[in-house]
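Please read these points with the structure open beside you. Each point takes up one topic.

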Amino acid sequence: MVKVNELVDVAHGVQSKRVFWDQEVYEQELERVFGRCWLFLTHESLIPNFGDFVTAYMGEDKVIVVRQKDGEIKAFLNSCTHRGNQVCHADSGNAKAFTCSYHGWSFGADGSLAALPLEQSAYYGKFDKAGAGLREVAKVDSYRGFVFGCFDAAAPSLPDYLGEMGWYLDTWMDGTGGAELVGPPMKSILRCNWKVPAENFIGDGYHVGWTHAAAIKVLGGPLSGLAGNAEIPFDDAGLQVTSRHGHGFGVIWDGLGLIHDDPAYREYAYANLPALTEKMGPWRAKLYTGHWNAGIFPNCSYLYGTNTFKVWNPRGPNEIEVWTWTLVEKAMSPELKAEVVKQAIHSFGTAGTLESDDGENMETCTWSNRGPQTRKGVMNSQMGQINDGEHPELPGIIGKNFIGETSYRGFYRFWAEMMQAENWDAVRANDATWKDALIKGAAEAKAAERAA
Ligand code: FES
Ligand code: FE
């Protein structure tokens, strides 16, 4: 078992480079992070009818996510209980049964083994079909239509897992009557560790003016002035949030639609503001017109305002399969939805201008830590720590600006907690104290500044 305490110093915002390249760390992640956390699967609108299904990954485990006769959604391991063949090879569709291509065992939409060839003659009519259904994922639930699954029956409920992040998510998941995803997801391979893009999306406002300098100049919107980091406004330009269970985001005030300089999107959003302020209060109204870079722990990320929605499916410690949907609000007109989809694909689709900039860094951040001597080093996420703290009106720990690493620190704090904890009871025992190390780090940074 990896001693995670030696890999992550929560109070000081430091992580070992082993977190990006280490087979032992990775195996422990599959069991303790992907085996126990809620993982994004699909959106309800993509499987509206009985028998509608999509296939997905939960860590390295393949699953089939199926709408049941009673409207419920269930998920099953996509592995035949006969000899382990993949039962469903399609990405999505409608099926009343999933029939294995190897020997023809056939499973119903509820995962039960419905029929098998030669049941009478080869098994003498004595085979126990009831005990040979597809293994069901312990928990499947949806939050505002976004469907998640969890292998651990002892995990908290999905609303409790999202916790205070749900309050923030409601801004765009519920503010105008709901959000949905446009699929099917684009899929691509990146040769990087899954945490590199996860940490980038959850908290990296810092790289935008640098990594994307050329792209944002070419896109020509109001953000093009940020190229080269020359004009980034720091004070009151936004904030960062980290919440219980490692979720978080950074927001640039009034940044929605800015990357593409999209007047139609901004007009739509600002027209919603009075009703949204009434429904959700002034803070979430302010958030609604912001541009968010965000993460739902562990491997689901999105940009609200550029409207890409992603899952980083791990394929070993140094490869991922990226799945990308477009995020739209149900209340948008079909024309606006189509425009948002187009822009999301141009920016963060597989061949998107900004996606390509990021991909290069994701891969080299991983491969540069391949060497054992390099892996003995540490990485720094101390930016903005001095201003981290609680806020009188906003839940979680708040960092003062959108350029900071508050949500990095929260992400790795919880990653370390999950990697170390024996079970969810041990995690629950920290519910009252999870902020302590983060606040201690901020206090120490302040004290060091005073002493200097
Ligand atoms: Fe599926 Fe044999 S492996 S029927
Ligand atoms: Fe980026």
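1. The chain is divided into domain 1, which covers 4-34 + 164-451, and domain 2, which covers 39-142; these bounds come from an automatic or database domain assignment. This is a predicted model, in which local features need pLDDT of at least 70 and side-chain atom pairs count only at pLDDT 80 or more, while totals for chains, interfaces and linings use all residues. Residues are numbered from 1 along each chain as its sequence is written, and chains are lettered from A and ligands numbered from 1 in the order in which they are written.

2. How far apart do the C-alpha centres of the two domains lie? The C-alpha centres of domain 1 and domain 2 are 33 Å apart, and 12 residues of domain 1 are in contact with 11 residues of domain 2, where contact means that the C-beta atoms, placed from the backbone, lie within 7 Å. On the side of domain 1 that touches domain 2, the elements giving two or more residues are β13 (179-190) and β18 (308-314), and β13 gives the most, with four residues. The residues of this side divide into eight nonpolar, three polar and one charged; here Ala, Val, Leu, Ile, Met, Phe, Trp, Tyr, Cys and Pro count as nonpolar, Asp, Glu, Lys and Arg as charged, and the others, Gly among them, as polar.

3. For the chain as a whole, there are 12 helices and 21 strands, which are DSSP runs numbered from the N terminus (helices: H or I, at least four residues; strands: E, at least two). The C-alpha trace spans about 85 × 50 × 40 Å along its principal axes. Of the 452 residues, 47% count as buried, meaning that 20 or more other C-beta atoms, placed from the backbone, lie within 10 Å of the residue's own, whereas 12 or fewer make a residue exposed and values in between make it partly exposed.

4. The UniProt record, in an unreviewed entry, places the feature "domain: Rieske" at residues 38-112, although such annotations may be inferred rather than shown by experiment. Over residues 38-112 the chain is 0% helix and 44% strand.

5. Strand β5 (residues 61-67) is largely enclosed by the rest of the structure, because five of its seven residues are buried. Strand β4 (residues 52-58) pairs with β5 in the antiparallel sense over six bridges, pairing being counted if DSSP finds at least two bridges between two strands, and F53 has V66 in β5 as its bridge partner. β5 also pairs in the antiparallel sense with strand β6 (residues 73-77), over five bridges, and there I64 stands opposite F76. In the hairpin of β4 and β5, which has two residues between the strands, G59 takes a positive phi near 65°; in the hairpin of β5 and β6, with five residues between the strands, G71 takes a positive phi near 95°.

6. Some backbone details deserve a check, because most residues other than glycine have a negative phi, and most peptide bonds are trans. A cis peptide bond joins G183 and P184, with omega about -5°, and P184 lies in strand β13. Y124 has a positive phi near 55° and lies in the loop between β10 (113-115) and β11 (139-143); Y124 counts as exposed because it has 8 C-beta neighbours inside 10 Å. D254 has a positive phi near 60°, and with 17 C-beta neighbours inside 10 Å D254 counts as partly exposed.

Technical notes:
Two residues are in contact if their C-beta atoms, placed from the backbone, lie within 7 Å.
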